[in-house]
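My notes follow in the order I checked things.

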Amino acid sequence: MRFLVICVFTLVCASCATVVKGTSQAVAINTPGAPGATCMLSSPSIGTQTVTTPATITLEKSKENITVLCKKECFQDGSGIIASYTEAMAAGNLLLGGVVGLGVDAVSGAMNKYNADNQIAMVAIPGCRART
């Protein structure tokens, strides 16, 4: 009986980040001084997604970094990386959920997180006039 209780407790506590933080996250992308830029986000885990700034997009968490390329007429292209970091609470799985919980969080992507606010710098091209 005691073994059963311990097994149930372990399964309930397993995958702490999956339960607490979820497997997706809202990420904001902005191009200061160049609103309306078209930005292409890409990584092996999310494929390619396009947004117009300023934008907030919900992304599935992954260990993969996301590359960002922004374009707008009369501006030099801007680029950046939305880095993937490991959630601090993933360490809690070693105490409560053990290897099973850590494995669930790793597979689901829940043990990762992205920067929530991302600024992509774009420089205006002097003398350029946007076509209307």
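Which hand does the link of cysteine 74 and cysteine 128 have? I looked up the angle about the S-S bond, which is -65°, and the link is left-handed. I note that the model is a predicted one. The sulfur atoms of cysteine 74 and cysteine 128 are 2.1 Å apart.

Next I checked burial. Cysteine 74 has a relative accessible area of 11%, and because the cut-off for buried is under 20%, cysteine 74 counts as buried. Cysteine 128 has 34% relative accessibility and is partly exposed.

I counted two disulfides in the structure. The other one joins cysteine 39 to cysteine 70, with 2.0 Å from S to S. I read 110° about its S-S bond, and this link is right-handed. Cysteine 39 sits in strand S2 (residues 38-43) and cysteine 70 in strand S5 (residues 66-71), 31 residues apart. Both cysteine 39 and cysteine 70 are buried. Taking the bonded cysteines in sequence order, I get the pairing 1-2, 3-4.

Last, I went through the sheet. I found an open sheet of three strands with mixed pairing, in the order S4-S1-S9. The twist from one strand to the next averages 30°. S1 (residues 24-30) and S4 run antiparallel and are joined by six bridges. I also noted alanine 28 opposite threonine 56 in S4.

Technical notes
Residues are numbered from 1 along each chain as its sequence is written. This is a predicted model: local features need pLDDT of at least 70, side-chain atom pairs count only at pLDDT 80 or more; totals for chains, interfaces and linings use all residues. Side-chain values use heavy atoms; hydrogens and water are left out. Two strands pair if DSSP finds at least two bridges between them. Helices (H or I, at least four residues) and strands (E, at least two) are DSSP runs, numbered from the N terminus. Axes are lines fitted to C-alpha atoms, for helices over the stretch in contact, and angles run from 0 to 180 degrees between N-to-C directions. A disulfide is a pair of cysteine sulfur atoms within 2.5 Å. Buried means under 20% relative accessible area, exposed over 50%, partly exposed in between (1.4 Å probe, protein chains only).
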